[in-house]
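Work through the exercises below with the sequence and the 3D view open. Try each task before reading its solution.

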Amino acid sequence: MLIPSPEWLNTGNNAWQLAAATFVGLQSIPGLAILYGGIVKKKWALNSAFMVFYAFSAVLIVWVLWAYKMGFGEQWYPFIGMPGPVTAAGYELSQATVPAAASGMPALTFPMATLVFFQFVFAAITVIILAGSVLGRMNFKAWIIFVPVWMTCVYTVGAFSIWGGGWLATLGAVDFSGGYVIHLAAGTSGFVAAWLVGPRLQADRDNFPPNNLLMSLAGAGLLWLGWNGFNGGDPYFANANAGAAVLNTNIATATALLVWVIMDTMSSGKPSVVGMINGMIAGLVAITPGAGYVDGNGAIITGVVAGIIPWLAMNKLQTTKMMRKVDDTLGVFSTHGVAGLTGGLLTGILANPAMLLYIGTEKDAPGVSTTGWLYGNPQQFVLQLEAAAFIIVFNAIATFIILKIIAQITPLRMDDKTLRVGDHAVHGEEAYALLEG
């Protein structure tokens with residue numbers, strides 16, 4: 001007799017996880033592909049978008065062959081899981097579980113295939129965000145090597161340590177949806193990569209106008225609404241907390257966008273579209289580590305702070321003589337690194353124990369939540385600091401080593417002749433050929 005579905009499968013939860021994963025995938029392709037393609041100089045539009053599509057594809061193959069289990073499989077060491085493939089029929093159709101973290105959550109009600117894909121789109125967007133630091137000059141051959149190596153050696157360590165049941169999770173550090181695992185990691189590694197790859201041509205650093213801001217706004221819109229899957233999917237259930245995470249995400253983002261625009265206007269006298277996009281991103285990033293742990297008031301506070309501290313980092317800190325030595329093309333250090341760190345620390349302060357991630361079934365098990373400093377648990381802030389320090393130090397050192405090794409194989413930076421031409425020299429194609437024949 002054929003059984004339509006196993007008893008553990010909840011079709012509503014499965015549908016939501018697949019939908020949320022698709023939303024997150026849309027953030028990368030086409031979201032960041034067209035955001036990057038529009039916000040860079042015309043001659044780099046195709047190369048920037050190509051870097052996104054390549055990374056998305058390369059990460060998926062690495063993910064299913066060995067990296068997923070390094071981030072979410074059986075523990076190998078306290079900071080990494082045992083590598084292995086996830087492509088067997090029996091594995092894909094079996095009930096999803098995160099072995100080292102399973103004791104801290106209810107049994108999942110969708111298949112492993114859904115969980116693997118959901119976590120893949122998070123992994124892919126991390127290295128794609130990192131790409132924003134090196135647009136306009138990184139050798140594409142070096143990028144081809146860097147993506148799978150960085151995913152294997154760097155991303156999986158942060159993912160397992162915090163999400164896969166590793167040592168930081170055991171200590172009690174939290175990251176609801178990637179403020180540390182994704183954004184702080186990408187900001188840190190991106191800054192190191194920008195330093196080692198070297199700067200764009202000076203002419204490009206001095207004059208790098210967006211070639212199509214309307215296209216960038218379309219990408220930004222996909223990024224914003226795609227974030228509903230980013231944060232709304234991380235309870236792993238279509239539950240009340242998923243709804244709260246989505247609402248809090250949008251509250252914080254709208255607040256940060258408005259505050260950033262005010263900061264821009266106060267500073268230069270004009271509201272900037274590029275600045276508005278940066279404010280939106282800073283808000284999205286800052287609320288990510290606490291989206292399901294803070295309430296609406298916490299989301300507003302997070303948005304206000306995200307509109308100020310990352311703005312100061314981008315417009316003051318990154319313009320200092322010392323910081324200008326590193327050519328961080330899109331300011332990923334500020335909008336992702338600083339914003340992710342800010343949001344992670346704010347989670348240690350604002351996490352409300354009444355925001356139940358999972359509702360308990362017994363009187364002595366009221367549910368799972370996190371309590372921040374504001375609600376009587378200063379230790380949570382300390383744990384958030386420790387987790388941030390680990391992500392920053394590990395990512396910086398590991399990325400440095402990886403790029404130094406790649407530099408022995410192929411140059412990290414394109415030569416100046418190629419940099420003067422751009423897309424046509426690299427790919428033999430151009431983004432706009434409206435005046436051709």
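**Exercise 1. A nonpolar patch**

Task: Find which residues make the nonpolar surface patch of about 580 Å² in this predicted model.

Solution. Step 1: select Trp76, Tyr77, Phe79, Met82, Trp167 and Leu171, which make up the patch. Step 2: look for the elements that give two or more residues to the patch; these are β1 (75-77) and α6 (167-171). Step 3: take Trp167, which is found in helix α6. Its relative accessible area is 31%. A patch residue must have over 30%, so Trp167 passes this cut-off, and it counts as partly exposed.

**Exercise 2. Salt bridges around Asp327**

Task: State which arginines form salt bridges with Asp327, and decide whether Asp327 is buried or exposed.

Solution. Step 1: recall the general idea. Side chains of opposite charge can pair when their charged atoms come close. Step 2: apply the cut-off of 4 Å between a side-chain nitrogen of Lys or Arg and a carboxyl oxygen of Asp or Glu. Arg200 and Asp327 meet it, with their closest N and O atoms 2.7 Å apart. Arg200 is in the loop between α7 (179-197) and α8 (202-206), while Asp327 is in the loop between α12 (296-315) and α13 (332-350); the pair is 127 residues apart and links distant parts of the chain. Step 4: turn to Arg205, whose side chain forms a salt bridge with Asp327 at 3.6 Å, N to O. Arg205 belongs to helix α8 and Asp327 to the loop between α12 and α13, so this pair ties together parts that are 122 residues apart in sequence. Step 5: check the burial. Buried means under 20% relative accessible area. Asp327 has 3%, so it is buried. Arg200, at 8%, is buried because its value is under the cut-off. Arg205 is buried as well.

**Exercise 3. Other salt bridges**

Task: How many salt bridges does the count come to?

Solution. Step 1: the count comes to 5. Step 2: one of them joins the side chains of Asp416 and Arg413, at 2.9 Å from N to O. Asp416 is partly exposed, with a relative accessible area of 35%, and Arg413 is partly exposed, with 25%. Step 3: Lys41, Lys43 and Asp204 are linked in a network of salt bridges.

**Exercise 4. The surroundings of Thr156**

Task: Where is Thr156, and what does it touch?

Solution. Step 1: find Thr156 in helix α5 (residues 140-162). Step 2: with a relative accessible area of 0%, Thr156 is buried. Step 3: list its contacts, leaving aside neighbours within four places in sequence; among them are Trp63, Ala67, Met70 and Phe79. A polar atom of the Thr156 side chain lies 2.6 Å from the backbone oxygen of Thr152.

Methods. Residues are numbered from 1 along each chain as its sequence is written. This is a predicted model: local features need pLDDT of at least 70, side-chain atom pairs count only at pLDDT 80 or more; totals for chains, interfaces and linings use all residues. Side-chain values use heavy atoms; hydrogens and water are left out. Patches are made of residues with over 30% relative accessible area and no salt bridge: like charges are joined within 9 Å, nonpolar side chains (Val, Leu, Ile, Met, Phe, Trp, Tyr) within 5 Å. Accessible areas come from the Shrake-Rupley method with a 1.4 Å probe; for residues, only the protein chains shown count as cover. Helices (H or I, at least four residues) and strands (E, at least two) are DSSP runs, numbered from the N terminus. Buried means under 20% relative accessible area, exposed over 50%, partly exposed in between (1.4 Å probe, protein chains only). Contact means heavy atoms within 4.5 Å. A polar contact is a pair of N or O atoms within 3.5 Å; within protein, one must be able to donate a hydrogen and the other to accept it, and residues adjacent in sequence count only if both atoms are side-chain atoms.
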